[in-house]
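Thanks, everyone. Let me put the model up, and then we go through it piece by piece.

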Amino acid sequence: MTTPPTTAQEHDPTALRHRLVDQLLAAGHVRTATVEAALRRVPRHAFAPDVPVETAYADDIIPTRHTPDGRISSSVSAPWLQAVMLESARLRPGHHVLEVGSGGYNAALIAELVGPTGQVTTVDIDPDVTDRAARFLTATGYDRVRVLTADAEHLPADVVPEGGFDAVIVTVDTWDLPWITMVAEGGRLVAPLRLHQYVWSIGFTKHDGALSSEEPLTVCGFVPMQGAGAWEPNLRTIPGCGIRLAFEDGTPMPVDQLAPAFDMAPSTVRTHVTVGGEEPFDSLTLYLAGALPGFCRLSVDPDHHTGLVSPPPPHWPGAAMVRGRSLARLAHERIGDGENANGAYEFVIHGYGPAGHLAATEMAESVRHWQRNHRAAPCPHITVQPKDATGPTGAHTDGLHVFHKKHTRIKIDWPVVPGEAAPAALADAQDHEPSCPARSQSGRVATVPATADHWEPLWAGGRRYREVTSTEAAMLADHVGPGHGRPALDIGTGEGSLARHLHQLGYRTIGIDFAPSAIAAARNTQRGDGPAWHLMDFVSDDLSALPDAAYAIVTCRLVYRWIDDKAAFLDRVRQVLAPGGTFWVVTELAGRREEDDPYRHLGITPAEAEILTAGWSVVRTADLDVLRCYALRP
């Protein structure tokens, strides 16, 4: 049985310290005997003499310094988080360690772990903080810790040991990782990394000049970085409604045009993806932050909020995205009591503005995609490279999300671990207006999903796409040659631009599309003799409905990117391609647009290109600005 603490024990620092460590062990925050021993040895209360000893040994932060407006600028971190980060750092005797952000207590814990043969350097930009840390370290017998007052982003060269630090532990909220070059090969960097206002403690190992992590992420909070590394939230307020949007990563977007969006009733798209009342869903928000161009964080100004949207929690702004004059926002609704009566909730998307429903549908499909493919994965794979580094972008994943920082480029690969699919969304009778593309199972910008139900309203509303230019037409002619009356099939013909060029080359051409308004547009723009047009879904309809059993040329222009099951699609192409025929594909490549273009990833990934080109005896390519043309032969 557990014996209640006596009155003397309730005030005894040693007893309180051991009780705290026992709690951290029971919670799983402490996993090794070395970290346990350090926590039992270092007197935490000696580094927080201004608070009662009971407060010093509570599992919570202890503020030690504030800004003039009352915000915490320095603190002793919560013990559970210190334990998690120290375990993640994998410190050993003899290690050289840099701590960014001083307080004294954590540096003393590090000193215990690296021993007398190791070296600890703790740095802070605030001289009052370093003076306090140095005094407490000396008073507790840890005067071998080197305390440095400096901007951590610009450390003096002589601070870094030859070969680099064995570990760097960052204890301030950081938007970037400029210390990547200071870490020794094989060393560790543990930091609360900020991505679109979300902060996770992440442990990295350095290999070949890059930091990599395949470990679970820990949601956390720290005081903000000061000095050159201070982050800029890029906070913008929508006029007249008190709604604020933060574009902390990516390209900030204008927001004034969104004001009228809140004059009309929002539309709601249900995702049928649920979450428990105490179940974390931070991996979803991280996924959305990388998957959706125009992603931002939504908050409200309490002094000017007009009640047009329900405010998110003050310390967890909502996930949102901007689409022109429209906006979509992630929310949740209670649908039951759930396990242990903590509540069960469904993620729903609210859309605002003329294309709000379509924007909400796009975000909802990304939520469902996360549910189907990534929710069951223990964690994403994160790689951090210096800004100017080159190298592979990752493999064996269904999409690569990239965050561009001041000093580094952060790549997040989402492993595919199939989970339970959300039930099909209910049909919605609301009218759609043309908007930006949504997402498919490829994990990048795509359609919601590639069906006539999505594309038909766009074509009916007047949406049109890039026509074949004279340069592209010349490339086509060079690769496929004259038709001489041979049959050609154009899949996803749209308004028929490519099909008409095949007809001019002498092919007996049929253009097919599953959107009735696209076929109508193709017929209406035809002058005189030309291709035949046929309403058909090439992915699902019976191929025997085609007028010819085999085609000398099969073309697929600006369509392949949106196909969900690409392997099955290519199998069907091979069924209708004549021996010796050519499969002509025109598609955008991801990453070819300018870095500030929100549709930079509107294209196929290297992995998708491999699927496309595998199994053909002849593969020829030609590039045209952001497009690549493929001539594939069996």
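Start with Gln197, in the loop between strand 7 (183-195) and strand 8 (198-207). Helices (H or I, at least four residues) and strands (E, at least two) are DSSP runs, numbered from the N terminus. Gln197 is not a glycine, yet its phi is positive, about 75°. Most residues other than glycine have a negative phi. Asp208 also has a positive phi, near 50°, and is a residue other than glycine. Asp208 sits in the loop between strand 8 and strand 9 (210-213). Buried or exposed? Asp208 is exposed, at 76% relative accessibility. The cut-offs: buried is under 20% relative accessible area, exposed is over 50%, and partly exposed is in between, with a 1.4 Å probe and protein chains only.

A word on the model. It is predicted: local features need pLDDT of at least 70, side-chain atom pairs count only at pLDDT 80 or more, and totals for chains, interfaces and linings use all residues. Residues are numbered from 1 along each chain as its sequence is written, and side-chain values use heavy atoms, with hydrogens and water left out.

Now the rings. How many aromatic pairs does a search of the whole structure find? Nine. Rings of Phe, Tyr and Trp (its six-membered ring) pair if their centres lie within 6.5 Å; planes under 30 degrees apart are stacked, over 60 edge-to-face, the rest tilted. Take Phe281 and Phe347. Their ring centres are 5.2 Å apart and their planes are at 70°, so this pair is edge-to-face. The pair links distant parts of the chain, 66 residues apart: Phe281 is in the loop between strand 13 (267-276) and helix 7 (282-291), Phe347 in strand 17 (residues 344-352). Phe281 is partly exposed at 22%. Phe347 is buried at 1%.

Next, Tyr287 and Trp414. They are edge-to-face too, with 5.4 Å centre to centre and 85° between the planes. Tyr287 lies in helix 7 and Trp414 in the loop between strand 20 (408-413) and helix 9 (452-460), so the pair ties together parts 127 residues apart in sequence. Tyr287 is buried, at 1% relative accessibility. Trp414 is buried, at 2%.

Ring pairs also join Phe47, Tyr105 and Phe136 into a cluster. Arg135 lies over the face of Phe136, 5.4 Å from the ring centre. The criterion: NZ of Lys or CZ of Arg within 6 Å of the ring centre and within 35 degrees of the ring normal. Arg574 lies over the face of Trp616, at 4.2 Å.

On to strand 25 (residues 577-588). Why call it largely enclosed by the rest of the structure? Because ten of its twelve residues are buried. Strand 25 pairs in the parallel sense with strand 24 (residues 551-557), over six bridges; pairing takes at least two DSSP bridges. Cys556 stands opposite Val585 there. Strand 25 and strand 27 (residues 627-633) run antiparallel, joined by six bridges. Thr587 stands opposite Arg628 in strand 27.

Last, the core. The largest nonpolar core has 58 residues, and Val100 and Trp179 have the most contacts inside it. Such a core is a set of buried Ala, Val, Leu, Ile, Met, Phe, Trp, Tyr and Cys residues joined through side-chain atoms within 4.5 Å. Leaving out residues up to four places away in sequence, Val100 touches residues including Val123, Ala152, Trp179 and Met225; contact means heavy atoms within 4.5 Å.
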